[in-house]
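Good morning, and thank you for making time for this. I would ask you to keep the sequence and the structure in view while I speak.

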Amino acid sequence: MPAAVPPFETFYETHRAEVFGFLGRRLGRERAEDAFQETFLRALRAYPRLEHGEHLRAWVLTIASRIVVDLARRQRPQGELPELGSEDDRPAFEELAPLTDGLPPKERAAVVLRYGYDLGYDEIGSALGSTEAAARQAASAGVRRLRKEQQ
Amino acid sequence: MSTFVSPALDERFRTAAAAEGLLDVAYDILTDTAIGDLLVGVSDRGVCRITFDPEPEVELERLARLHGPRVLRVSKPVERVRIELEEYLAGSRTHFDLDVDIRVVPEFHRVVLEELARVGYGSTTTYGALAAKTGHPNAARAVGTVMNRNPVPIVLPCHRVIGANGSLTGYGGGLARKEKLLRLEGAIF
């Protein structure tokens with residue numbers, strides 16, 4: 001039997017720090033605050049429709065990345081992702097962040113969500129408002145581009 | 001890979017969640033009241049839960065199961081209940097002006113609890129008398145069960161229900177609390 005949906009308080013307490021860290025690195029601390037509130041309000045609106053409590057970490061990071069993509073689209077018509085906020089020590093994402101700076105936004109998001117946050121392609125697809133196949137393609141295109149740049 | 005969420009940001013989100021009407025239950029924990037720690041839960045229809053000495057994990061699971069999973073700690077929606085409880089415990093309030101939400105209790109329980117709500121400050125009644133009022137004169141024992149499971153003690157005054165022989169009998173929050181509340185109201189000396 002899949003895990004039951006936990007009380008929202010428990011879900012929020014478990015994931016808020018990671019979500020805020022994720023948003024801070026993508027948006028800078030100041031803009032991350034609004035995005036943080038929006039992420040959890042969106043999660044709260046969708047919460048009654050959850051059928052089980054599995055993969056909630058991936059689910060909420062997906063919502064957060066969609067908000068980052070939305071903000072990027074709204075604010076930078078050319079589709080360039082905003083500057084990273086400067087933050088303290090974090091492993092996977094932080095190593096990826098400077099490396100992926102030069103990628104187009106979709107490829108960058110796909111690479112970071114896949115290799116920095118270990119999300120599945122189906123989850124990345126829905127985060128980016130596209131399909132699993134498109135997410136896989138974006139991630140591998142991003143990786144190819146990175147390899148080329150490093151040579 | 002995580003970052004500290006400031007208390008201000010945390011509070012801002014919680015308040016916004018309640019203001020947008022997105023919660024099944026907003027709750028707060030009142031610490032160090034005259035009768036110890038109380039968890040107070042409020043739905044869109046009124047106060048739906050008061051628990052003595054709450055164990056948050058157990059209590060959150062229960063609220064989610066009964067009312068829906070969107071259970072969040074927010075002080076604002078609970079403020080009115082907190083103030084009235086404090087006034088009551090300070091002896092300056094003899095009547096609660098609060099809406100009570102007992103949608104989730106079974107029909108018989110609801111009938112008994114509605115009758116219980118009429119038992120006034122400073123008076124007592126018995127399990128048998130309360131049973132008779134609801135048209136079930138032989139249901140004293142069942143009424144005892146209803147009192148024991150009262151979701152909003154104090155506001156629905158199950159502490160005012162005692163045994164026919166005058167003994168305090170029992171209380172969900174422990175007999176010492178029942179005695180304290182009855183003393184506060186001047187029902188016993």
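This is a predicted model: local features need pLDDT of at least 70, side-chain atom pairs count only at pLDDT 80 or more; totals for chains, interfaces and linings use all residues.

Cys48 of chain B is buried, with a relative accessible area of 2%. The cut-off for a disulfide is 2.5 Å between the sulfur atoms. Cys158(B) also counts as buried, at 5% relative accessibility. Over all chains, a search of the whole structure finds zero disulfides.

Let me turn to the sheet in chain B. Four strands form an open sheet in the order β3-β2-β1-β4 of chain B, and the pairing is mixed. The edge strands, β3 (46-52) and β4 (71-73) of chain B, each pair on one side only. On average, and ignoring direction, neighbouring strands of this sheet are turned by 25 degrees against each other. Helix α2 of chain B, residues 56-67, packs on the sheet and touches β1, β2, β3 and β4 of chain B. The direction of this helix makes about 150 degrees with that of β3(B). Within the sheet, strand β1 (residues 25-33) and strand β2 (residues 36-43) of chain B run antiparallel and are joined by six bridges. As for individual residues, Ala26(B) has Val42(B) in β2(B) as its bridge partner.

Next, the interface between the chains. How many residues of chain A are in contact with chain B? There are 31 residues of chain A in contact with 24 residues of chain B. The area buried between chain A and chain B is about 2400 Å², and carbon and sulfur atoms give 64% of that area. Six salt bridges are found across this interface.

Arg12(B) forms a salt bridge with Glu33(A), in which the closest N and O atoms are 3.9 Å apart. Arg12(B) also forms one with Asp34(A), where the corresponding separation is 2.7 Å. Because Arg12(B) lies in helix α1 (residues 7-19) of chain B and Asp34(A) in helix α2 (residues 29-46) of chain A, this pair joins two chains. Arg12(B) itself is partly exposed, with a relative accessible area of 33%.

Finally, some salt bridges elsewhere. The whole structure holds 30 salt bridges over all chains. One of them is between the side chains of Glu107(A) and Arg145(A), at 2.8 Å from N to O. This pair links distant parts of the chain, 38 residues apart: Glu107(A) is in helix α5 (residues 105-116) and Arg145(A) in helix α7 (residues 132-150) of chain A. Glu107(A) is buried, at 11% relative accessible area, whereas Arg145(A) is partly exposed, at 35%.

In chain B, Glu185(B) forms a salt bridge with Arg160(B), the closest N and O atoms being 2.8 Å apart. Glu185(B) lies in the segment after α7 (175-184) of chain B, and Arg160(B) in the loop between α6 (140-148) and β6 (161-162) of chain B, so the pair ties together parts that are 25 residues apart in sequence. Both Glu185(B) and Arg160(B) are buried. Last, Glu9(A), Glu13(A), Arg16(A), Asp10(B) and Arg14(B) are joined into one network by salt bridges that share partners.

Technical notes. Residues are numbered from 1 along each chain as its sequence is written. Chains are lettered from A and ligands numbered from 1 in the order in which they are written. Side-chain values use heavy atoms; hydrogens and water are left out. Two strands pair if DSSP finds at least two bridges between them. Axes are lines fitted to C-alpha atoms, for helices over the stretch in contact, and angles run from 0 to 180 degrees between N-to-C directions. Contact means heavy atoms within 4.5 Å. Buried means under 20% relative accessible area, exposed over 50%, partly exposed in between (1.4 Å probe, protein chains only). Buried area is the accessible area (1.4 Å probe) that two parts lose on being put together, summed over both. A salt bridge is a side-chain nitrogen of Lys or Arg within 4 Å of a carboxyl oxygen of Asp or Glu.
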